Amino acid sequence: MARFLSILPLLAGALAHEHHGTSLFPRAAAVAPPTFGYHGLTGPLNWFNLNQTANEMCAKGTHQSPIDLSQSFLLADASSNPQISLSAAPHGAEFINLGTTVEVMGANGTLVKNGKTSKLAQFHFHSPSEHSINGVYYPLEVHFVFQADDASLSVVGFVIDIGGSSFEPLGTLAASLDEIPQHGNETITKPLDFARLERHFKKFGTYQYSGSLTTPPCSEGVAWTVSAKPIAVDMRSFNAFRDVLKFNARYTQNNPDGVNLLQNIADTLH
């Protein structure tokens, strides 16, 4: 994380949704145009070249995210989970289209992991899932981003499958997506309820590892916790998310301590 803090001056004007809304990248008065994307020369294979100084870790880091979550990362006993508390938002929350994702700000929550307490900064969505579980990808993934007083980041992720009734707040958010179809659009959601999601997290085991932001600058030292059991979204709500998000997932990285895939290609070509 010290490396992350050292490049903060380079991030002015950059839009990186994984840490947007934290003190590392506070929300601006207006939503800036995206400086990266998921296709062609703005996509993950070229993030390093978009800013070789700020985005160095995208091509050279050895603890990059997302990864395939295999059994070696699984803590099957739910008593080993971090403690999570997500407060209901009876008056709704800000829902923003950043151009690279849709993000909810203004919800309150805390995470206690390894004795450190972090506060919820925001949560946002990826389509399809960024993490795979034992090689299986899912239609969506949501990331809850928490920040501690020392500026370190923790992310709690849930992969999302289609079927049954939507976990809240997925259904409520899906109903507001037609209000934010394009970059820069903002709205206030209906009341948000996280009770079912919180119970789900506490009931099942989790995958845990030390990784990175999944968006530029791909900084490392991020404490990841991903629920081992997918949550559900109904087909209509999934279609609403997909139609706005399009494709916004980084490709699977090598396991922690493995060579960066882009670095491996560069070394091979040399």
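Two strands are said to pair if DSSP finds at least two bridges between them. In that sense, Ile96 has Glu103 of strand S5 as its bridge partner.

**Whole protein**
- The protein has 270 residues, of which 53% count as buried.
- Seven helices and 14 strands are found in the protein.
- Among contacts with a separation of 6 or more, 69% join residues 24 or more positions apart.

**Confidence**
- The average pLDDT of the protein is 90, and 88% of the residues score at least 70.
- Residues 1-15 have a pLDDT below 50, although this stretch has 39 contacts in the model beyond near neighbours in sequence.
- Where pLDDT is low, the predicted coordinates should not be read in detail.

**Strand S4 and its partners**
- Strand S4 covers residues 94-97 and strand S5 covers residues 102-105; the two pair in the antiparallel sense over four bridges.
- S4 and S5 form a hairpin with four residues between them.
- Gly99 lies in the turn of this hairpin and has a positive phi of about 90°.
- S4 also pairs with strand S11, residues 186-188, in the antiparallel sense over three bridges.

**Phe201**
- Helix H5, which spans residues 195-203, contains Phe201.
- Phe201 counts as buried because its relative accessible area is 1%, under the 20% cut-off.
- Leaving aside neighbours within four places in sequence, Phe201 is in contact with Asn81, Pro82, Ile84, Val156, Phe158, Thr206 and Thr225.
- Asn81, one of these contacts, is 120 residues from Phe201 in sequence, while their C-alpha atoms are 8.1 Å apart in space.

**His131**
- His131 sits in the loop between strand S7 (116-126) and strand S8 (132-133).
- The relative accessible area of His131 is 0%, so this residue is also buried by the cut-off of under 20%.
- Not counting residues up to four places away in sequence, His131 touches Pro66, Ile67, Leu69, Tyr137, Glu141, His143, Val159, Tyr209, Trp224 and Val226.

Notes: Residues are numbered from 1 along each chain as its sequence is written. This is a predicted model: local features need pLDDT of at least 70, side-chain atom pairs count only at pLDDT 80 or more; totals for chains, interfaces and linings use all residues. Side-chain values use heavy atoms; hydrogens and water are left out. Buried means under 20% relative accessible area, exposed over 50%, partly exposed in between (1.4 Å probe, protein chains only). Contact means heavy atoms within 4.5 Å. pLDDT is the predictor's confidence in each residue, from 0 to 100.
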